[in-house]
Amino acid sequence: MAKMKITREEALAFHLEPTPGKFEITATVPMTTQRDLSLAYSPGVAVPCEEIAANPETAYDYTNKGNLVAVISNGTAVLGLGNLGAVASKPVMEGKAVLFKRFADVNSIDIELDTEDPEAFINAVKLMGPTFGGINLEDIKAPECFIIEQQLKEIMDIPVFHDDQHGTAVICAAGLINALHISGKKIEDVKIVLNGAGAAGIACIELLKSMGARHDNCIVCDTKGVIYQGRTEGMNQWKSAHAVKTDLRELGEAMKDADVFLGVSVKGAVTEDMIASMADNPVIFAMANPDPEITPEEAHAVRADAIVATGRSDYPNQVNNVLGFPYLFRGALDVHARAINDEMKIACAQALASLAREDVPDEVAMAYGQKLSFGRDYIIPTPFDPRLIYTIPPAVARACMDTGAARRPIVDMEAYEVSLKARMDPTASILRSINARARNAQARMIFAEGDDIRVLRAAVQYQRTGFGKAIVIGRDEDVKAKLEAAGLGDAVREIEVTNAAKSARLEEYKEFLYQRLQRKGFDRHDVHRLAARDRHVFSALMLAHGHGDGLVTGATRKSAHVLQLINHVFDAGAEHGAAGITALLHKGRIVMIADTLVHEWPDEEDLANIAERAAGVARHLGLEPRVAFVSFSTFGYPRSERAEKMHQAPKVLEKRGVDFEFEGEMTVDVALNVTAQETYPFQRLSGPANILVVPARHSASISVKLMQEMAGATVIGPILSGVDKSIQICSSNFTANDILNMAVLAACKVG
Ligand SMILES: NC(=O)C1=CN([C@@H]2O[C@H](COP(=O)(O)OP(=O)(O)OC[C@H]3O[C@@H](n4cnc5c(N)ncnc54)[C@H](OP(=O)(O)O)[C@@H]3O)[C@@H](O)[C@H]2O)C=CC1
Ligand SMILES: CC(=O)C(=O)O
Ligand SMILES: [Mg+2]
């Protein structure tokens, strides 16, 4: 896996834009009319209040309590960065909240409490009980975290879970089950060294002992070295429970001949010499964040036989509690759990371990851009595995029901699994998949408009994300000045800048262009002007000559104008069968509109071509195409000359015998809504359409812009399809991120 370079500037910009922080709250009910107001607020709101007062359990029905978790910290152990205080821990806590939402559709809010006093902390959280369905404690240092969690569990009737303790322990256990399986060792026999005897460390070693690890085989270390019986310095009751009778005093001594190293301490705590002294096939889980105790490169340099995991996402084997807390809470919330008990944690660990041993479906491989199979570099599922949401929560919920901790047991487990699948946003996996494919392709991407800062940002991002080489067309001095002004001065040395007028290849390009244009009214002087002065044409020439693998342009000019210029070099017109397809992503749904770029007023043959092009793009994105030819009439009514071609286009496709679903003509509601489709029992779509072929470019443009402005849909495209090289034409209102998306599409040759 290529390591991704992230700069401080990028990390700060990510948190600053588009609005400060990482999430906002949206309403799920209409709040538009006087009636809405009367229902949502006074007087209507009095009714659920009275119901809940009479029967508190109904809070799960009439409020968001049942799907709301608080992520609470005091910032005393922020990742491995130490005691940064409450407010500085907020980015991590907001991060955990969005992970809850992204991975398990759990609503979550972060709360940072400005106190290091356990009693004050406990009181504050206790009083918040009515609001939440669960409490996720985070980054509170040991030993206070043990006292806080224990007391809150006793006094609260909802799950209280300290993620750094139990989330980490669960994932560590799941990973270790599989790592030992590969190294052919048994947990009862292995010698384990744990570095870090805080929240995560104590919980990990306790869980492993409950799974069979022997007390005398486990050596625990902290800043003072080995925790041995009789040690007095830096001790507490939780450490004492794991003290062993031994003469070992230093971590380095303990590591000799150890089978397993578990690190939940700080960056760089382990040396290569220590790793070299371990037993054969050593298991090394260096879980400190953001930087591990030792990097996989360093560990493998001295021990090729090591099975290595870290807490980071940019190496194989991410042992990180992100694989646990979203799904543990999902399962617990869905049965209105009173607690998350040991049985639920063990069920989670076992379900994770067995999932990693299953055959990895193609969609996961596609999302990661590589085939994953159980082995040294894949001992634990990856966080983006879409199976997690429907395999882990049912295991947790079952264990909760079996141990009597469920207030509302699930009756139909199968239906529950189906409902879990429906929770996830399919557009996310599509975006992940194209990103992974772009990383694999390592395409040299030409960014034509190097004088525009959005384009420069996108180019830098393209290269730094590891998609491939970014080639920017522009003047060196201008690019340098613009990057420096944007705080991206470093990037000047990273990206390649090509000045069209000074290019050594100009003569070759001009000759090629002259051959194409000499009979279209262009003389050599015109050709020189186009090739040397027009960056769209120059970039297209570079692409045509294989001096780049893809081209992104159009962010500074109208797309129709840019397409005209590109057409000097490529056959990208309507008459050549090219088409533009725009993907709209909204509320977990993806719908493509075509043609948004090339055809002004297509006839039925053109419409059929456009449908075929769009179906190809859909398949490239991992969607099974369902095409609707849309109009203002449905199956011949009302009759209109203007709708006639939409009526005929499906017949053209019928004759061609294409291998995808299509239907029409129909109105957009019939195309997209299965209930509306029921009025036409003869219609042939097996579900809502995901491709809308529209009558003309004006209707395409109106639909896309309306969705963007009114509904806030994410727009990707227009994707130029039907040209033999990868070209994407942006719109002038695109942000740097939109331009990057287009480069990613160009890199994976969607089109
Ligand atoms: N991958 C994952 O999912 C997770 C990783 N972590 C990581 O684990 C680490 C600890 O977190 P947490 O348990 O919450 O923090 P705590 O503050 O509760 O505990 C930290 C522990 O590490 C010990 N320690 C610190 N520096 C060293 C050192 N140089 N050598 C040996 N021991 C050391 C401390 O020793 P002493 O007691 O002597 O002060 C203490 O026992 C962090 O890096 C965190 O990012 C945590 C949770 C999840
Ligand atoms: C992952 C996590 O929770 C931590 O490093 O603290
Ligand atoms: Mg943490």
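Here are a few questions and answers about this predicted model, covering its ligand shells and one of its helices.

Q: Between which domains does ligand 1 lie?
A: The domain assignment of the chain includes domain 1 (40-162) and domain 2 (166-317). Both of them give residues to the shell around ligand 1, so the ligand lies between domain 1 and domain 2.

Q: Which element gives the largest share of the shell around ligand 1?
A: Ligand 1 is surrounded by 30 residues, with G80, G198, D222, A288 and G311 the closest. Two or more residues of that shell come from each of α8 (163-183), α9 (199-210) and β6 (218-222). The largest share, 3 residues, comes from α9.

Q: How many charged residues are in the shell around ligand 2?
A: Around ligand 2 you will find L79, D139, D163, D164, N289, G311, N320 and N321. Sorted by class, this shell has 1 nonpolar and 4 polar residues, and its charged residues number 3.

Q: What distance separates the end C-alpha atoms of helix α20?
A: Helix α20 covers residues 453-464, which makes 12 residues. At 1.5 Å a residue, the helix should span 16 Å. The model agrees with that expectation, because the end C-alpha atoms are apart by 16 Å.

Q: Is α20 mostly covered or mostly exposed?
A: The buried residues of α20 include R454, L456, V460 and Y462. They belong to a buried set that packs against β11 (445-447), β12 (470-473), α21 (476-485) and α31 (736-747). With 10 of its 12 residues buried, α20 is mostly covered.

Technical notes: Residues are numbered from 1 along each chain as its sequence is written. Chains are lettered from A and ligands numbered from 1 in the order in which they are written. This is a predicted model: local features need pLDDT of at least 70, side-chain atom pairs count only at pLDDT 80 or more; totals for chains, interfaces and linings use all residues. A residue is near a molecule or strand if its C-beta atom, placed from the backbone, lies within 6 Å of it. Ala, Val, Leu, Ile, Met, Phe, Trp, Tyr, Cys and Pro count as nonpolar, Asp, Glu, Lys and Arg as charged, and the others, Gly among them, as polar. Helices (H or I, at least four residues) and strands (E, at least two) are DSSP runs, numbered from the N terminus. The expected span of a helix is 1.5 Å times one less than its number of residues. A residue is buried if 20 or more other C-beta atoms lie within 10 Å of its own, exposed if 12 or fewer, and partly exposed in between; C-beta atoms are placed from the backbone. Two residues are in contact if their C-beta atoms, placed from the backbone, lie within 7 Å. Domain bounds come from an automatic or database domain assignment.
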